[in-house]
Amino acid sequence: MTDPRAPLHAVEALIFDMDGTMIDSMPSHAQSWQVFARQHSLELDLDDLMRRTTGRNGAECMRELFQRDLTDDEAWALIAEKERLYRKLFGPIFTEVAGFKTFSGQALARGLKVAVGTAGDQDNIAFVLSHLQLPSSPHAIVGGDEGLPGKPEPAIFLEAAKRMNTGARACIVFEDSPFGIEAARRAGMRAVAICSTHTPAQLAGPHVVASVRDYNELMNSKFLENLHVATS
């Protein structure tokens, strides 16, 4: 595997996690877990659950919550219920992580490919894209309900790169969670830590090339201008 700590050159694609990275949705996810647990008469240590599940796919999350081996049908039905609660809560207050749309548009203008690599399911992806109204569709979208293991396994990011016909070494991942940062490392990709929900120390790693609160900070630092974008 190529060393992800090498200098930034020949960058072809940016892969964005969704929740907490593209959109400021994690407080609503946390609230929806609380409502869901209450409706199912479950004891919930919210901080512990978020630590164990953020970045994992829906079925994995439900098995962590219920602490038993749910069937796939049971697990996906339960996560669908939980995510309906989330969308109801977040829809009226939908907010992007500051500067995301502008930053992603600038990336496209510089000839970079853009992908979404999320543990979220197709309903949540459709919900987010319908609210964001991006001027151009991502080159690839990989969701957590496509049969791939969730983060920290690298499968979601590797599949996004594959769909863009781009090598892992040429991708930079944008992530807000420790599992996502680790998934990028395992994929052989460099990463930018979006510190909307965690501290830079919690998202540190030798492959992390920047740690920022939002995309306005990246744009102010001329992050895209300093990349060596691969040309055909």
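Which residues line the largest pocket? In this predicted model, local features are taken where pLDDT is at least 70 and side-chain atom pairs where pLDDT is 80 or more, whereas totals for chains, interfaces and linings use all residues. Residues are numbered from 1 along each chain as its sequence is written, and side-chain values use heavy atoms, with hydrogens and water left out. The lining consists of Met26, Leu46, Asp47, Met50, Arg51, Thr54, Ser177, Pro178, Phe179, Thr197 and His198.

**The largest pocket**

- The elements that give two or more residues to this lining are helix 2 (46-53) and helix 8 (178-187), where helices (H or I, at least four residues) and strands (E, at least two) are DSSP runs numbered from the N terminus.
- Helix 2 gives the most to the lining, with four residues.
- The volume of the largest pocket is about 220 Å³; a pocket is an open set of points on a 1 Å grid over the protein atoms alone, where a 1.4 Å probe fits, with protein on both sides within 12 Å along at least five of seven lines, and lining residues have an atom within 4 Å of a point.
- Its lining residues divide into five nonpolar, four polar and two charged, with Ala, Val, Leu, Ile, Met, Phe, Trp, Tyr, Cys and Pro counted as nonpolar, Asp, Glu, Lys and Arg as charged, and the others, Gly among them, as polar.

**Helix 1**

- The 14 residues of helix 1 (residues 26-39) should span 20 Å at 1.5 Å a residue, and the end C-alpha atoms are 20 Å apart, which agrees; the expected span is 1.5 Å times one less than the number of residues.
- Just after helix 1, serine 41 takes a positive phi of about 55°.

**Backbone exceptions**

- Most residues other than glycine have a negative phi, and most peptide bonds are trans.
- The peptide bond from lysine 151 to proline 152 is cis, with omega near 20°, and proline 152 lies in the loop between strand 3 (140-142) and helix 7 (155-163).

Notes. Points joined across faces, edges and corners; volume = space filled by probe spheres on them.
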